[in-house]
Structure formats: structure tokens, C-alpha cells
Amino acid sequence: AELNEALETTSHYYKKIEKKVVEQIIGHLKNRPNDDLSESVKTLKLKYIASLEKSQVDILNKIKEAALKTLKAKQAAEVAKLAEEAKAEIGNRRAFYFKRKSFLERLEGYGSSFDGQSAEEFQEIYKIAKKLPSSSNNISAFFAKYARRSNDEIAHRLLSPAMATTEHVVPQSSGGEDRTDNFIVMCSECNHKRSSIPYADWLKVQPRMKNNFKSYIAHISERIKLGELGEGYATYPAEVSRTVKTQSEGEITAFSPDYVEMERVDGETRKVKATPSLSDRVKVAKAKCETIASRLGSLQKRQTALQDDPEYRSIVQYYEIKNSLEKLYGEKRDIEGSLADTMVSLSTSIEQEGKKDRKQRDLKDPSLSEKARKQAQKHWRNTSKKQAGGDIVNLTERAKELGARKIEIDRKITELAAAQEQHLALVNLPEALIAQENKLKEQLQTPDIEEKIKSLIARRFEIQGKIRAAKLDKEIEMVQNELKNAEFCRDSLLAACPV
């Protein structure tokens, strides 16, 4: 329920494909509210894997058909072979994991030797290959890729495209400097896509950039008015607006002269108009610090008041155990994945070792000629350099270590689950009280019944308040950081303010 609420309240942050993924996870959590991110993605993979594999195979067939139709026979055969090997990987889930990036690298590496007409024909084939679903544009590929990742990895992947990054208006590759008049804030995804594309060309890709930049400057200007940014940023809106206007060839203009007007004398002197006085900004900054400090004090007071309450301590222990269990379950899934990979590698090494043994026996075959025997000996020596036997020993030890660690984690999970059970009734008490309230409401309403219902409601509110208080640590930490930033802003203004 907490995860579902967190995803819904942050849904406006996600980018297009990530938003679709989150919508599917929210839908899944309605049926299985106790699943975490990792469990949800793993379950949803089973729903989408068939459609993903079909899309992959269809595109690989198109690659093969295009190669056979346009390339020379030998070249076409090699490309067709790569496509068939990739299809085999898709079809054999247990032994292989098809990786789009790896396939594209192999294909591109093979095509790098082409020239002339063949090179042009190969580029058309490569364009088809790039249509293979990826986690950045296909939810089926997302669930397949992240089904064996931890909660933290999945959360980071969902949020990272929308995270704020520093964008160089004039790219560093074009001589752009690390200066505030060359910086704007841009989401990670757009920053990556833009790379070093000139702004005039970038507008063709992202026409919304005009309005987005105007909103950005308006937001920054408002924060400067409120004194939330340092004294050194008073001229930033005008400076960066000028840089963007130049780089976009006049297409993007956002700066409003009624807020900050820049004048230059001999190319240096600057004049700022309509800026709030320093003393006014100090007052705003102090008031903000007092508001945040009061909020923090209220949260801490609320938490401290319950420290000696046995029910509150029991609820806190429940959530501490729950967090520990989530970490252990995540580690267990990772170990199970590593163990599965290790067993596949071990099976392959044993098979290779068996082939070497058969080749060694073949050397004793009296029907072999001397020349054939020498060739076989040379081949056997070369293959033995891989030391599959050593690999088997190492992989076996690795499998034993992983197995032992899994047993240890299972033991800890069992112990913690038993400890958690002691506190579960108290955490579930609000739901039980609601059921009692509803049952009483169905009876004939008498003064005694009404009194009992009021008593149950009061008790439910009491327990719910303790449950909320048990989760205050994260909120307190967030408010503490907010206060730290506000105090830094206030102190910076005070340092600049004459005594």
C-alpha cells in the first residue's frame, strides 16, 4: 500500500515509457499490495515476455530477409547466422539471455569491414536492427531487463530520466565554459539526447523548448525575488537568456526586462533594476527558516512523546524488521540469479571437459594416420589451454559459497519473520477495529452501541497516529535537509548584508 501510494503521488515526475511502466506496477499492486518493486517487475515480466520475444524474432527475421535480398552471398550468410544465433538465445531462456546491445555491437563490428554499395546496404539492415525493443522505448523490454534487479536499481532507473542535471547551453565540445551564464537545468533524458546538438537544430527535435525555457526563467526569477538564491544569481536570468537567444539564433527569448535589466558600459558594467533589497531578502530567508524549524520541532516533539509508549516501540520494531526483511529478500533474489548463472556456466564447462576427454581418447585410435594423429594432438593442446577443469573447480566452489549464503539468508528470514509476527497484530489492529465498527453499525443503534463505536474509532485513531509516527524518520531527515539549505541561504544573505 505504501509503495502504491508513493508511485501514485510521484506519477507526474516520470517520463513517457517510465510512466507506462509505473502504471502497470500500480495496477499490479492493487491485486498484490504486499509486493515490492522487484517482485512486481518480476511478475509483470511473465505477462510481457511472450510479446517481447515475438517482436524480437520478427525483427531478426526481417534482418535475415534483408541481408539475403541485398548483400553478397557470403556477407548475407554471416548476417543471417548472427540473426539465427540471436533467435536461439531468445528461444533458450535458461541457458542464454538475449542482449540487444551485445547483438548490435556484433552486427556493427561485422559490418565495419564493408565498403561501397555493400556498406550502404548494410546501414539499411542496421537501421532495422536498431528497432529491436529496448528498455528505453518498450515496457516489455523494461520488465525483461529489470526482472532480476534490486528495488534501488529499479527505482533509480524509473526516476533517472527525469532527474535534474546541469546543461551546457554552449556544449563543452564546442568550447562552452563552466559558467553560470552557460548553465540551465534540464532533465537527464533531454540532456543526454541533446548532447552537442546546436540549439537551433535542437528546437526542431524539441519545439516545446521555447515555452519550457520561459517557464524555467520565470521560476528562477521568482526564487530570486524571494531571496531563495544567493546574491550572485541576481543577474543570472538576463545572462543565460542572452546566451540561449544567441545559440538559438533568436528563436528562444524569455527574459523579462521589468524584473532585471542589464546594461553594459565598455562591455563590463552591469546595472540591475527592480531587484528586491538585500534587507527584504534577509527577512524572507529568516521567516522561511523559522517556519521550517517550527515544522521540524513539531515532528520531533511528536516522535519523542511516544518513545516510552510500548505500543509505539512495538510498531517501530515491526517496520525495522520489515526493512531488514526487504533487504534480505533482495539479496536472496540476487544470489539466486548468480547461482543460476553459475550453474549454467558449470554445466557448459563440464560439457567442454567431456569433449576434451573424448578427443584425447580419439588420439589412441589405431586407425589414425601419423599425420592425422599429430594434427589431433596439436588441436587438443590448443583447446586444453582453456583449462576447463580449473574452471569447473572454481565454479563449483562459487556455487557452494552462494548456496551456503542462501541457506544463511533463509535462516535469518525465518527468524525475522517470526519476530515480526509478534508485532503484526498491533499494526493490523486499525483494520480489525474498522471491521468491529462496521459490525456494530449494522446493529440497532442504542446509546451503548454508539458509545462502543466512538470508543473503537478513538482507539483506531490512536493506533494509526502511532503507526504514522513510526514512519517519521524519513520525513524528519527530509525537513532537516530543507532547513540546512534554508539556513545556508539565510547565512549567505546575512554575510552580504551590511551590519
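Helix 2 (residues 16-31) has 16 residues, and at 1.5 Å a residue these should span 22 Å. In this predicted model, the end C-alpha atoms of helix 2 are 24 Å apart, which agrees. Eight positions need naming here. The buried residues of helix 2 are Ile17, Glu18, Val21, Val22, Ile25, Ile26, His28 and Leu29. Their packing partners are helix 1, helix 3, helix 7 (139-146) and helix 8.

Helix 5 (residues 100-111) was examined in the same way. Its 12 residues should span 16 Å at 1.5 Å a residue. The end C-alpha atoms of helix 5 are 16 Å apart, in agreement with that value. Phe103, Leu104, Leu107 and Gly111 are the buried residues of helix 5. They lie on the same side of the helix, because they cover an arc of only 95° around the axis. An α-helix has 3.6 residues a turn, so residues three or four places apart point the same way. The cover over the buried residues of helix 5 includes helix 3 (37-70), helix 4 (73-91) and helix 6.

Helix 6 spans residues 116-129 and contains Ser118. Ser118 has a relative accessible area of 8% and is therefore buried, the cut-off being under 20%. Beyond residues up to four places away in sequence, Ser118 touches Leu71, Lys72 and Gln75.

The wider fold was then considered. The protein holds 19 helices and two strands. Of its 499 residues, 35% are buried. Among contacts with a separation of 6 or more, 68% join residues 24 or more positions apart.

Cysteines were checked for pairing. The structure holds zero disulfides. For Cys187, the nearest cysteine sulfur is that of Cys190, 3.4 Å away. A disulfide requires sulfur atoms within 2.5 Å, and Cys187 is in no disulfide. Cys187 is buried, with a relative accessible area of 15%. Cys289 is also buried, and its relative accessible area is 4%.

Open space was examined next. Rolling a probe the size of a water molecule over the atoms shows where empty space is left. The largest pocket has a volume of about 2,400 Å³. Its lining consists of 45 residues. Glu2, Tyr319, Lys322, Asn323 and Glu326 lie nearest the centre of the pocket. Several helices give two or more residues to this lining, among them helix 1 (2-9), helix 3, helix 8 (151-159) and helix 14 (310-362). The list also includes helix 16 (388-427), helix 17 (429-441), helix 18 (447-470) and helix 19 (472-496). Helix 14 supplies the largest share of the lining, 11 residues.

Most residues other than glycine have a negative phi, and most peptide bonds are trans. Ser195 is not a glycine, although its phi is positive, at about 55°. Ser195 sits in the loop between helix 9 (188-194) and helix 10 (199-205). Glu249, likewise a residue other than glycine, has a positive phi near 55°. Glu249 belongs to the loop between helix 12 (236-247) and helix 13 (278-304). With 65% relative accessibility, Glu249 counts as exposed, the cut-off being over 50%.

Technical notes:
Residues numbered from 1 in each chain as written. Predicted model: local features only at pLDDT ≥ 70, side-chain atom pairs only at ≥ 80, totals over all residues. Heavy atoms only, no water. Helix = DSSP H or I, 4+ residues; strand = E, 2+ residues; numbered from the N terminus. Buried < 20%, exposed > 50% of the residue type's maximum accessible area, 1.4 Å probe, protein only. Contact = heavy atoms within 4.5 Å. Expected span 1.5 Å × (residues − 1). Arc of directions from axis to C-beta. 1 Å grid on protein atoms, 1.4 Å probe; cavity = no way out; pocket = protein on both sides within 12 Å on 5 of 7 lines; lining within 4 Å. Points joined across faces, edges and corners; volume = space filled by probe spheres on them.
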